[in-house]
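Please open the structure in a viewer and keep the selection tool at hand.

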Number of protein chains: 2
Amino acid sequence: MARLVSERSDILPVLGEVFREHGFEGASLSIITKATGLGKGSLYHFFPGGKEEMVQAVLAEIHGWFEREVFEPLEKTKDADKAINTMFDAVLKYFNSGQRVCLVGALALSNTRDTFANAIRQYFKRWVMTLARALEKLGHSKPEAKALAEVMVLGIQGGLVLARASNDATIFKRAIKRLRLSVKPT
Amino acid sequence: MARLVSERSDILPVLGEVFREHGFEGASLSIITKATGLGKGSLYHFFPGGKEEMVQAVLAEIHGWFEREVFEPLEKTKDADKAINTMFDAVLKYFNSGQRVCLVGALALSNTRDTFANAIRQYFKRWVMTLARALEKLGHSKPEAKALAEVMVLGIQGGLVLARASNDATIFKRAIKRLRLSVKPT
DNA sequence: CATCTATTGTACCAAAAGGTACAGACTTAT
DNA sequence: ATAAGTCTGTACCTTTTGGTACAATAGATG
């Protein structure tokens, strides 16, 4: 039979989009095969563990992306102010200005939470921690920085919920703009 | 056969909890019958439209609760400061200090969003609007009040996501505490 | 007590679910 | 070119899904 896809990693973005759109339960194998163009044979070849393994793989890829594009820059840069603004740029692009759902957040609210609890917890923990460190560099006190980091990550998630609920991406964009203004210590 | 439940409204809270825990797709009829103690016969007698009608009924009940406990008090009171703090009290209790998920928010992120789009949009729209009006009464300018109301509702939703993701209800409680401090105009 | 309507349990259904088995075909290294 | 290993389509399986049909029964009403 024809070999169409050479890399397992090639289909992860597609899988991610499917799970974002349909959730874990809602993403049936028939939907997945249509979206990826892969039959069950290939799918179970790449992911012997079925849907659960697919989601785990997608979560790992997402975490990898944020690690590279967000967390590491926040940790390593000398210019914390610039790094934080770069984070907001990345977030704005990643979530397509509020039109794309956060898979990690959506899974956190679903009944499958327990299955992916580790990955979900890790993602947010690392985000809040690295962001708090960067805010400290800008002159915020330790507790201030922690609180502000929490406000920001939580604001992003809330913004996504509200934007999606209202079908109005500007809500998300406004939320990001406001958070940007709260970066500098008073 | 035995008649155990006399009121359709008696089972709405149970249905609400089931959908909160399992989501729309995840809440199978077998789960629903177990949780409510009602057989399919009764279920389809009360909700001829099946699961979709159940969720619509639950959403209507939720909206009714918020209308009574939150939106109307925000609209009608003279003491806006008190009304807003009462809102936070109600929210804290309703979401069990962050251990209970917001069904409306969860549905907004799921693929069933379109089916319940109207109810979801209405809920948040009314919340932000009434809250903004109350903030105006406290001396915030119109745009300030609108922005702050958005921040608050979005902060509540984001707090729920993060609390659930981290399995740490204190995140939600802290979020509410911080929002309370931002009520007074500067 | 007879009747009528609101409930309820049971049996049933077709469709879709996730998953397995496997033979065949394509690549690649030899 | 041939063997080894990687992919892929098809057929099939069991279980569960949401939903229907309907007869039986309970309580209310006269």
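**First stop: a pair of helices in chain B**

Please note at the outset that this is a predicted model. Select helix H7 (117–137) and helix H8 (142–166) of chain B. Their axes come within 8 Å of each other and cross at roughly 130°. How are H7(B) and H8(B) oriented to each other? An angle over 145 degrees would count as roughly antiparallel, and 65 to 115 as roughly perpendicular; the two helices are therefore oblique to each other. The crossing in which H7(B) passes H8(B) is right-handed.

Now display the side chains between the two helices. On H7(B), the residues that meet H8(B) include B:Phe124, B:Trp127, B:Val128 and B:Leu131. On H8(B), the residues that meet H7(B) include B:Ala145, B:Leu148, B:Ala149, B:Met152 and B:Val153. Colour this contact by residue class: 11 of its residues are nonpolar and 4 are charged, while none is polar.

**Second stop: the contact between the chains**

Next, show both chains together. The contact between them takes 36 residues from chain A and 35 residues from chain B. On chain B, select helix H1 (8–26), helix H6 (103–109), helix H7 (117–137), helix H8 (142–166) and helix H9 (169–181), each of which supplies at least two residues of the side that touches chain A. Which helix gives the largest share of that side? It is H8(B), with 14 residues. By class, the side of chain B that touches chain A comprises 15 nonpolar, 12 polar and 8 charged residues.

**Third stop: the axis relating the chains**

Keep both chains in view.

**Last stop: a residue in chain A**

Finally, select A:Asp10, which lies in helix H1 (residues 8–26) of chain A. Is A:Asp10 buried or exposed? A residue counts as exposed if 12 or fewer other C-beta atoms lie within 10 Å of its own; A:Asp10 has 12 such neighbours and so counts as exposed. Although A:Asp10 and A:Thr36 are 26 residues apart along the chain, their C-alpha atoms are separated by 9.7 Å.

Terms used:
Residues numbered from 1 in each chain as written. Chains lettered and ligands numbered in written order. Predicted model: local features only at pLDDT ≥ 70, side-chain atom pairs only at ≥ 80, totals over all residues. Contact = placed C-beta atoms within 7 Å. Helix = DSSP H or I, 4+ residues; strand = E, 2+ residues; numbered from the N terminus. Nonpolar A, V, L, I, M, F, W, Y, C, P; charged D, E, K, R; others polar. Axes fitted to C-alpha atoms, helices over the stretch in contact; angles between N-to-C directions. Parallel < 35°, antiparallel > 145°, perpendicular 65-115°, else oblique. Left-handed = near helix turned anticlockwise from the far one by under 90°. Buried ≥ 20, exposed ≤ 12 C-beta atoms within 10 Å, placed from the backbone.
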